[in-house]
Amino acid sequence: MAMIRILGKKEIAQVTDLKKVITCVEDVYCQKAKGETVVWPTTFYEFDPGHADMDIKSGYLKASGIFGHKTVSWFGANGEKGLPELAGAIMVFSARTGMPLGLLDGAYITGIRTGAAGAIGARYLARRDSEHLLVVGSGNQAFYQIAAMLTVFPQLKRITVANPLSLQYAQRFVDALPGRLQQELGIGCTAALSAVQSPQAPLADSDIVITVTPSKTPLIQKEWVRPGTHFSCIGADAEGKEELDPRLMAGARIFVDDKVHCVAAGEVELPIKAGVISEAEILGEIGQLILGQKQGRTADSEITIYDATGMALLDLAAAKAALDAAEERQLGQTVEL
């Protein structure tokens, strides 16, 4: 028999700290760069292309002694039904006994660890003096991206949120943002906030751009981008998704979270298939950059791109940390299997 701890969003939020999650995600990237992890193939399925999908990601963290998987779904119409767009669950197992350790809500951990990933890409590739952040997309993930960016780049003076489909949705998101940051994560925001529909105008002076949409057509054209801009590409996490003009890739310094998955289903997928760039032009994985094994930005004028499809390794590490903290505080429920 095995005892398994079950944690919902409320309990996970009680024991999860954004700064610690950022540190945790960096550590996982480094473990991967050292060959101490295994990432298994992703299963992806679209119930309604562009509107409803799910994926199953899994992996093994050798040093942590855990393996597991995450099943997560995105149903874009859920907001109209009063339901969250993103839902999922994470299962953590012991790599020593094979026994299940925990079952956790997947949406909260996915959100906060993905926010950490986008900010880490910017930390190691954006210009140090960056002050203007542009986020393309105003769904729930945009919230965690901004929270993590404010944690890593407290000097941000302006944050612009673009929703190419609806200015109204972007404005509603921006209006609620300061209150959500304070209430949900205890983060203050002194940066000037604004909402736009098209990202074209703010791109003229944006330092860092984070893309978090399910788009399958480029939302950002090369001609709109100024030299020195950094992109953290988060939305392209399945075959056929694309947020950047492929021409932006040519000549850019490109890093990824997991090369195999990004070539198959990340922002670099279509530019490689179109022959705009080759796999050889991917300079390395983010863990290699963090460890100093690879060189990132070499000049303020360079375009830098971080392509992150997301890995279950991040979810598993964050989930294990939450399970350990919850056990100390006796939170959640335990059941015998």
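Tutor: Let us start with a term: two strands count as paired if DSSP finds at least two bridges between them. Please also keep in mind that this is a predicted model.

Student: Which residue of β5 is the bridge partner of H69?

Tutor: Strand β4, residues 66-75, and strand β5, residues 86-94, run antiparallel and are joined by 9 bridges. Within this pairing, the residue in β5 that partners H69 is M91.

Student: In what order do the strands of the open sheet with mixed pairing stand, and which strands are its edges?

Tutor: This open sheet has 7 strands with mixed pairing, in the order β2-β3-β4-β5-β6-β1-β15. Each edge strand pairs on one side only, and these edges are β2 (37-48) and β15 (333-336).

Student: What angle does the direction of helix α3 make with that of β5?

Tutor: From one strand of this sheet to the next, the twist averages 15°. Helix α3, residues 106-125, packs on the sheet and touches β4, β5 and β6 (100-105), and its direction makes with that of β5 an angle of about 90°.

Student: In the open sheet of 8 strands with parallel pairing, why is one side of β9 and of β13 left without a neighbour?

Tutor: The strands of this sheet follow the order β9-β8-β7-β10-β11-β14-β12-β13. Because β9 (192-196) and β13 (282-285) stand at the edges, one side of each has no neighbour in the sheet, and what each of them has is a single partner strand.

Student: Which residue in β8 stands opposite V135?

Tutor: Strands β7 (residues 132-136) and β8 (residues 158-162) run parallel, and 5 bridges join them. Opposite V135, the residue in β8 is V161.

Student: Which strands does helix α5 touch?

Tutor: Helix α4, residues 140-152, packs on the sheet against β7, β8 and β10 (208-211), with its direction at about 165° to that of β7. Helix α5, residues 167-185, also packs on the sheet, where its direction makes about 165° with that of β9, and the strands that α5 touches are β8 and β9.

Student: Is D245 buried or exposed?

Tutor: D245 lies in the loop between β11 (230-233) and β12 (253-256), and beyond four places in sequence it touches P218, I220, Q221, K222 and E223. The side chain of D245 also reaches the backbone nitrogen of K222 at 3.1 Å. Its relative accessible area is 4%, and since the cut-off is under 20%, D245 is therefore buried.

Student: How does the reach of helix α2 from its first C-alpha to its last stand against the 22 Å expected?

Tutor: At the start of α2, a side-chain oxygen of D17 comes to within 3.1 Å of the backbone nitrogen of K19, while just after α2, G35 takes a positive phi of about 80°. The buried residues of α2 include L18, V21, I22 and Y29. The helix has 16 residues, numbered 18-33, and close to the expected 22 Å, its reach is 23 Å.

Methods. Residues are numbered from 1 along each chain as its sequence is written. This is a predicted model: local features need pLDDT of at least 70, side-chain atom pairs count only at pLDDT 80 or more; totals for chains, interfaces and linings use all residues. Side-chain values use heavy atoms; hydrogens and water are left out. Helices (H or I, at least four residues) and strands (E, at least two) are DSSP runs, numbered from the N terminus. The expected span of a helix is 1.5 Å times one less than its number of residues. Buried means under 20% relative accessible area, exposed over 50%, partly exposed in between (1.4 Å probe, protein chains only). A polar contact is a pair of N or O atoms within 3.5 Å; within protein, one must be able to donate a hydrogen and the other to accept it, and residues adjacent in sequence count only if both atoms are side-chain atoms. Contact means heavy atoms within 4.5 Å. Axes are lines fitted to C-alpha atoms, for helices over the stretch in contact, and angles run from 0 to 180 degrees between N-to-C directions.
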